[in-house]
Amino acid sequence: MKKRLVVIVLALVLIASVFVGCSETAAPAEEAAPAEEAAPAEEAAPAEEAAPAEEAAPAEEAAPAEEEISMEGMTIGVSIADLSLERFKRDLDYMVEEATRLGAEVFSTSGGGDSTRQLSEVENMLTKGIDVLVIMPVNGKVLAPVVEMCHEDGVKVIAYDRILEDCDLDYYITFDMTGVGEIQAEYLLEKVPTGKYYLLAGPKSDNNARLFREGQMNILQEHIDSGAIEIVGDQWAERWDSGEAMRLTEDVLTANSNEIDAILASNDSTANGAVQALIEQGLDGKIPVTGQDADLAACKRIVSGTQTMSVYKRLEDLAKAAIKLAYQVANEEEIELTGTYPNGLIDVPAIDLPIYACDIDNMMDLVIADGFHSYDDVYADVPEDQRPPKPE
């Protein structure tokens, strides 16, 4: 206990120093049953010999259904950074629902965007005897001591969608982070192959924001080097805040006399800020804007024409995969990984889930078909005579 107290004190000092130093992825067909043998026909006059029928290839044997796990007797801690963004509330709800359905006891909290508060909440979870902690940190650097604190109590730590840096993290589960940026840049280049680009990211302190930018530059760099693309603004919005993103976009529009051809916004909250700034200048719907998370407000903007696309992630799949991973970790089962992510100290074993580009053309096939948002909610601002047919 004395050691944990030292860890907590050091963590609090680290948190304070950071805040002083910076403003913030078809089952094979079942094997065909053999046909019944036909009864022999009566003998008839010989006829021309028929060509033998081509033998049908046997169908592959169906994969056995995955046996559902039982988490009876397990206790899971789930700590989410903040519930101010729509998608984070979905993540938490999906995880709690899945773990509870499988029989686990769940302690869940939100850090409210405060690293000190999140650290305290994790300490409290440890007193309740959790078996595994699933955490989306407010700040991946600041909350590294969480891992040592958990390991001291024999608790494994799974970072959810946002990595914990500079620590001996056990596992990381996320979507393809650099892939998000790559999809955004590829999509935008199809719409605007040449011209002036404005890059609008989240906070530099967020490892995800840096990975998104890495993916974007993987695609854009050769077009920048050739002169086809000119970067006329490169901004990082603290806390992924829409108001901050709006202010930054206003400044870039002013500095470039509104002559911008595309806005590569890294998520839907920054996209919202950019769109609001465009509305003020009468440019909404005229400049392509990317996003990420397929928030309801973003989907409404997409079908209304003010935002061009969002990267859609099947959050329920990620949440369920995280709970399954927690079960496997607690039971020391073999885990199928997709790769690793460096966190500054180690290469963390990781599981990546797939992502999808969502726009007005496939909104019905992705977001609405999945039940992520309802047809009525997404098209609420679109006149009925301009909507696609409602699915039955």
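Helices and strands here are DSSP runs, numbered from the N terminus. By that numbering, helix H10 is followed by Glu 332, whose phi is positive, near 55°. The model is predicted.

**Helix H10**
- H10 spans residues 315-330, 16 residues in total, and its first and last C-alpha atoms are 23 Å apart, close to the 22 Å expected at 1.5 Å a residue.
- Its buried residues are Leu 315, Leu 318, Ala 319, Ala 322, Ile 323, Leu 325, Ala 326, Tyr 327, Gln 328 and Val 329.

**Packing of H3 and H4**
- Helix H3 (residues 115-127) packs with helix H4 (residues 145-152) at an angle of about 10°, and the axes lie 11 Å apart.
- Because angles under 35 degrees count as roughly parallel, H3 is roughly parallel to H4.
- On the H3 side the contact is made by Leu 119, Val 122, Glu 123 and Leu 126, which meet Val 146, Met 149 and Cys 150 of H4.

**Aromatic pairs and charges over rings**
- Five aromatic pairs are found in a search of the whole structure.
- Tyr 172 and Tyr 341 form an edge-to-face pair, since their ring centres are 5.0 Å apart and their planes meet at 80°.
- Tyr 172 belongs to strand S5 and Tyr 341 to strand S10 (residues 339-342), so this pair ties together parts that are 169 residues apart in sequence.
- Both Tyr 172 and Tyr 341 are buried.
- Another aromatic pair, Tyr 375 with Tyr 379, is tilted, with 5.0 Å centre to centre and 35° between the planes.
- Tyr 375 has a relative accessible area of 9% and is buried; Tyr 379, with 4%, is buried as well.
- Tyr 312, Tyr 356 and Phe 372 make up one aromatic cluster.
- Within that cluster, Phe 372 has Arg 90 over its face, 4.1 Å from the ring centre.
- Arg 213 has its charged end over the ring of Trp 236, at 4.7 Å from the centre of that ring.

- Most residues other than glycine have a negative phi.
- Asp 166, which is not a glycine, has a positive phi of about 55°.
- Asp 166 sits in the loop between S4 and S5 and counts as partly exposed, at 42% relative accessibility.
- Ser 257 also has a positive phi, near 50°.
- Ser 257 is in the loop between H7 and strand S8 (262-265) and counts as exposed, at 54% relative accessibility.

- Thr 249 lies in helix H7 (residues 242-255) and is buried, with a relative accessible area of 0%.
- With neighbours within four places in sequence left aside, the contacts of Thr 249 are Tyr 198, Leu 200, Ile 263, Ala 274 and Ala 277.
- Arg 239 is placed in the loop between strand S7 (229-236) and H7.
- Arg 239 has a relative accessible area of 54% and is therefore exposed, the cut-off being over 50%.
- Arg 239 and Lys 204 are 35 residues apart along the chain, and their C-alpha atoms are separated by 9.6 Å.

Technical notes:
Residues are numbered from 1 along each chain as its sequence is written. This is a predicted model: local features need pLDDT of at least 70, side-chain atom pairs count only at pLDDT 80 or more; totals for chains, interfaces and linings use all residues. Side-chain values use heavy atoms; hydrogens and water are left out. Helices (H or I, at least four residues) and strands (E, at least two) are DSSP runs, numbered from the N terminus. The expected span of a helix is 1.5 Å times one less than its number of residues. Buried means under 20% relative accessible area, exposed over 50%, partly exposed in between (1.4 Å probe, protein chains only). Rings of Phe, Tyr and Trp (its six-membered ring) pair if their centres lie within 6.5 Å; planes under 30 degrees apart count as stacked, over 60 as edge-to-face and the rest as tilted. A charge sits over a ring if NZ of Lys or CZ of Arg is within 6 Å of the ring centre and within 35 degrees of the ring normal. Axes are lines fitted to C-alpha atoms, for helices over the stretch in contact, and angles run from 0 to 180 degrees between N-to-C directions. Angles under 35 degrees count as roughly parallel, over 145 as roughly antiparallel, 65 to 115 as roughly perpendicular and the rest as oblique. Contact means heavy atoms within 4.5 Å.
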